[in-house]
Amino acid sequence: MSTFRASRITSLAALAIAAATFAASLSAQAQPGKMSDGVVKIGVLTDMSSIFSDIGGKGSVIAAQMAVDDFGGKVNGVPVKVISADHQNKTDVAATIARDWFDNQQVDVVEDLLPSSVALAVSNVARAKKRIAIVTGAGTTRLVNEECSPYTVQYSYDTYSFASNTVKAMTRSGDNSWYFLTVDYALGASLEKDATDALQHVNGKVVGRAKHPLNSSDLSSYLLQAQASRAKVIALANAGADTVNAIKTAREFGITGPGKQKIAGLHMFISDIHSLGLEAAQGMTLTTAFYWDRDDASRTWAQRFYAKTGKMPTLVHAGTYSSVMHYLQAVQRTGTDDADTVMASMKATPVNDFFAKGGQIRPDGLMVHDMYLVQVKSPKASKKPWDYYNVVQTIPAAEAFRPLAQSQCALVKK
């Protein structure tokens with residue numbers, strides 16, 4: 001072989017290798033296709049020991065683990081691990097835990113995040129660290145409006161969907177004068193605002209309002225003020241044990257009952273009804289994102305959850321399972337745990353499972369789906385354990401949530 005020919009072959013081979021290397025580089029840039037480390041880690045950050053523990057708490061950890069187990073325990077060849085922590089309802093504690101998880105423990109996504117003050121704090125940390133936060137337990141609309149983030153999803157519900165739909169339903173029956181008893185933090189402010197806006201749209205009126213501290217042991221003075229207002233409805237813009245205590249106290253004082261004032265629970269969960277009992281809660285109208293006895297799919301999953309916990313799931317538990325599955329499916333589709341890539345896939349793919357049919361994550365981070373207007377059954381009408389709701393109306397996603405055109409989120413193109 002001549003020196004010229006050998007040199008030519010060598011040059012062609014070098015060019016071929018260089019071209020192949022360049023093509024591989026382009027492919028890698030176009031599709032990240034890589035896992036950042038040897039594990040996908042999901043952190044459930046919730047209230048394990050205080051007033052919201054029945055709504056989320058250990059049940060959210062169990063729901064997340066159920067999703068991981070059902071997925072097969074691995075994604076793209078690496079194991080999936082669930083860790084958890086109790087934030088003690090302190091925003092500084094929650095932010096510190098989240099920062100440590102992201103910086104030192106390689107947590108890829110944080111789940112639950114009730115209550116709203118915690119969700120807002122952790123969402124800001126997740127934005128700074130470019131990690132995903134999926135909020136299944138907090139309702140404040142600030143998460144998807146003025147404080148929206150490209151890394152945060154509000155998955156299960158928001159205060160608009162709860163408050164506005166309950167207001168519309170009750171005012172249709174003539175209950176058009178309201179007094180607000182509002183917990184003094186982000187959730188309460190959001191609930192009261194959304195309910196007040198809805199009242200204005202139907203020519204209802206607010207005749208008074210009072211704020212109370214979180215986790216109040218005695219709400220009697222506030223309720224007596226509400227009774228004196230002669231409002232047709234006492235609206236509870238609070239959550240968890242505060243809601244339960246308010247309803248029990250109102251009943252004990254004879255404020256509620258036939259021909260008397262009505263209670264509107266603007267942020268209620270099936271765990272609250274269970275704590276109250278049907279005798280105290282019967283007849284209440286409320287809005288929910290999930291009811292375990294709605295259809296065969298919800299019943300099947302709920303019975304599995306019940307077998308592990310001894311309780312039927314709240315919408316937070318169901319939303320946590322659904323969102324973990326949606327996240328893992330996006331990781332599998334994209335071949336990476338890169339937060340931007342996974343989030344884009346999550347937003348591009350509808351949610352179709354026992355929790356939501358045709359659910360969609362909007363550009364502002366809100367997952368919109370059908371909601372349900374329910375009425376609490378009487379003890380006589382309840383035929384089995386946890387048989388608490390009559391589903392009065394399925395509210396289509398387009399009606400249940402604030403229109404995207406009204407979003408204040410900077411991520412939304414106007």
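This is a predicted model: local features need pLDDT of at least 70, side-chain atom pairs count only at pLDDT 80 or more; totals for chains, interfaces and linings use all residues.
## Helices H5 and H6

The axes of H5 (residues 159-171) and H6 (residues 186-201) cross at roughly 40 degrees and come within 8 Å. The crossing of H5 past H6 is right-handed.

On the H5 side, the contact is formed by Thr159, Tyr160, Ala163, Ser164, Val167 and Thr171. H6 contributes Leu187, Ser190, Leu191, Asp194, Ala195, Ala198 and Leu199. Sorted by class, this contact has eight nonpolar, four polar and one charged residues.

## Helices H3 and H4

The axes of helix H3 (residues 91-104) and helix H4 (residues 116-129) come within 9 Å, with a crossing angle of roughly 30 degrees. H3 is therefore roughly parallel to H4. H3 passes H4 in a right-handed crossing.

Thr91, Ala94, Ala95, Ala98, Arg99, Phe102 and Asp103 are the residues of H3 that meet H4. Their counterparts in H4 are Ser117, Val118, Ala121, Val122, Val125, Ala126 and Lys129. The classes in this contact are nine nonpolar, two polar and three charged residues.

Strands of a sheet pair through backbone hydrogen bonds, in either a parallel or an antiparallel manner. Here, three strands form an open sheet in the order E12-E13-E14, and their pairing is antiparallel. Strands E12 (351-352) and E14 (367-368) are at the edges with a single partner strand each, so one side of each has no neighbour in the sheet.

Strand E13 (residues 357-361) is joined to E14 by two bridges. Gln360 has Val368 in E14 as its bridge partner.

Note on methods: Residues are numbered from 1 along each chain as its sequence is written. Side-chain values use heavy atoms; hydrogens and water are left out. Axes are lines fitted to C-alpha atoms, for helices over the stretch in contact, and angles run from 0 to 180 degrees between N-to-C directions. Helices (H or I, at least four residues) and strands (E, at least two) are DSSP runs, numbered from the N terminus. A crossing is left-handed if the near helix is turned anticlockwise from the far one by less than a right angle, and right-handed if clockwise. Contact means heavy atoms within 4.5 Å. Ala, Val, Leu, Ile, Met, Phe, Trp, Tyr, Cys and Pro count as nonpolar, Asp, Glu, Lys and Arg as charged, and the others, Gly among them, as polar. Two strands pair if DSSP finds at least two bridges between them. Angles under 35 degrees count as roughly parallel, over 145 as roughly antiparallel, 65 to 115 as roughly perpendicular and the rest as oblique.
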